[in-house]
Amino acid sequence: MAISSSAASARGSGFLSLRLPTVRGWIGNIGWPILLKELRGDFRRSRFFVTHFMCVLAIAIGVMVQIWIKRESENLTSVQLGRSLFDTFFGIQFLVVLIVFPALTSTAFTEERANKSLDLLITTDLRPGELVLGKFLATSAYCLITVFATVPLLAISTLFGGVQIEEIFIAYAILVGHTLVVAMIGVFFSSCYSANLRSTLTVYTIVFGYMAMLWFTLWDPVKKAWQEAGDRTLIAVLMQRIAGSASADEMAVTGGEGVQLLIGLVLVVGFAFAYLFTLTTNRVRTSTDDKSSNLRALTTLLLFLYLLACVVQPSPDASNRLEQMVRIDSILATRVWTSLLILFVAALTFPTEPLELSRRVQARFSRLRGPLAALRIFAPGSFWGLLYLAFLLVVSTAALLLLLQHAASWLDAGTLASVEDQQRWYSLIDRWRDVIITFPLYVLAFGALGFYLSSSGFTRGYCFLTVFFIFIITLLLPVIFEFQKFPDGIFSLYYLSPFTLWSSLNPPELPDEDGPRFVVLGGVAIIDFAKVFYPVLTAVLTGWAIAIARRRGVPLARMARRVGLKARAAA
């Protein structure tokens, strides 16, 4: 009777837990077990209290010293003193985030490897994403405690006045955002190394490079505007600079260009975070798992959003037609070369993956039938990677051609003053049309090369490095011919370089007769020859790779629909 009552009680408790899940059980799906484990371990260490005490003490000393210096050396009003304290607080806190926090976040997975407990975590029911998310939340919480513990110190500056509530929220948003980015960078590189020192040094190298970039690109103009403003805080001047507002009384959110720039910055940081999270998750996954589909989905979303921004690009304003022509040329250059960079990274990444897929991955994607079968391009493997790259190239070419057509309507050639300016405008449009048509063929040829190397049995690293080094060699061919003054010819292949290829569309002067010329086969322009050469090269490499894969018995388009018990165990 007791057994039946206990069983009934267990069934009742299970029913209640199913119908009314606890908060802890719900949070457990987003890394709560790892978060709880990490926080319990961190808060029991003396390092936690010493680190946070020293950080808060440094910020407090900096604020107090600033109060004493400003009061003794200058005749400042209370409003000016409050703004000066606020700027000092923000600067010290920003340096703490970039100097102290990398050491706290770069040991997330290296300590697990040192303790030989990472394999035990992988064998649990937790998914790799939950492991990474738990580590990230733990390191972020560890650092955010220091950020929010300084709120009383910031309150000192508000007592003097001169600081708006919007500036406080913006300051803490910047600090929290940088803390989360530093935490994710630390977690990612901790998954790449097994030693704490190597991981920490790598994270500090990345962070210091980021600080140098901010120093050379943003600090000088912001500092100049800050000194000219006089009665504005650093945060207000920074947001005014981002917004591009002409008036010092305008905040960043009032400018249309500023809002677009802020949205762009948020998207860039968001995609960088998503890529780091996905790459870290792939580091934790086993070799037979799918490590590519999430990356392809992120790349597709990133490229689609960027191409959407290209299509809706507004017409640039200019004082005269010639200046507008220069700005249109600059816009087209930025959009085209950025798209080329994204697509070339995709060509290096996806077609160089291993050719063979595990039976478990094949079974998962074989369920996509009918109209959903087109989604198989997101499947891992070099064959599907080449098809995925071709899909991205078709979409990007169509979007950029639409942008070019849109840009051609921004300026009426009839309004230009001279015939030379009209010819210059028509030449500009034709030049970018040739570039947009040619660069997908150029990128696809490298993707086909990666697929060929993968089908020939090259490992992932060798495929990636071989394609990359061949790209570097073709990139430097114009330099070799410039120094050696070799005559051109069809066998020299100097036209493979994008510098030579796209510089030939608008050469500043006629090339030297002894050096490379922009024609081959006696008079065919290399841009026209490339439109035929790259598709032929892609077809040859792809056909050769497919023949090798079929001879090895590796299925390409066909995937296994069923996976037996032995195959599942082997996978």
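Analyst: The structure holds 1 cavity of 30 Å³ or more, a cavity being a set of points on a 1 Å grid over the protein atoms alone where a 1.4 Å probe fits but cannot get out. The model is predicted, with local features needing pLDDT of at least 70, side-chain atom pairs pLDDT 80 or more, and totals for chains, interfaces and linings using all residues. Numbering runs from 1 along each chain as its sequence is written, and side-chain values use heavy atoms, without hydrogens or water.

The volume of the largest cavity is about 80 Å³, taken as the space filled by probe spheres set on the points, which are joined across faces, edges and corners. Its lining (residues with an atom within 4 Å of a point) has 14 residues, and Leu355, Leu357, Trp384, Pro555 and Leu556 are the closest to the centre. Helix H18 (residues 382-408) gives the largest share, 3 residues; helices are DSSP runs of H or I, at least four residues. By type, the lining has 9 nonpolar, 3 polar and 2 charged residues.

Elsewhere, Phe271 lies in helix H14 (residues 256-284). Phe271 is buried at 11% relative accessible area, the limit being under 20% with a 1.4 Å probe, protein chains only. Beyond four places in sequence, Phe271 contacts (heavy atoms within 4.5 Å) Leu298, Leu301, Leu302 and Leu305. Its C-alpha atom is 9.1 Å from that of Thr299, 28 residues apart along the chain.

In helix H10 (residues 151-160), Leu153, Leu154 and Ser157 are buried. Just after H10, Gly161 has a positive phi of about 85°.

Key
Helix = DSSP H or I, 4+ residues; strand = E, 2+ residues; numbered from the N terminus. Buried < 20%, exposed > 50% of the residue type's maximum accessible area, 1.4 Å probe, protein only. 1 Å grid on protein atoms, 1.4 Å probe; cavity = no way out; pocket = protein on both sides within 12 Å on 5 of 7 lines; lining within 4 Å. Nonpolar A, V, L, I, M, F, W, Y, C, P; charged D, E, K, R; others polar.
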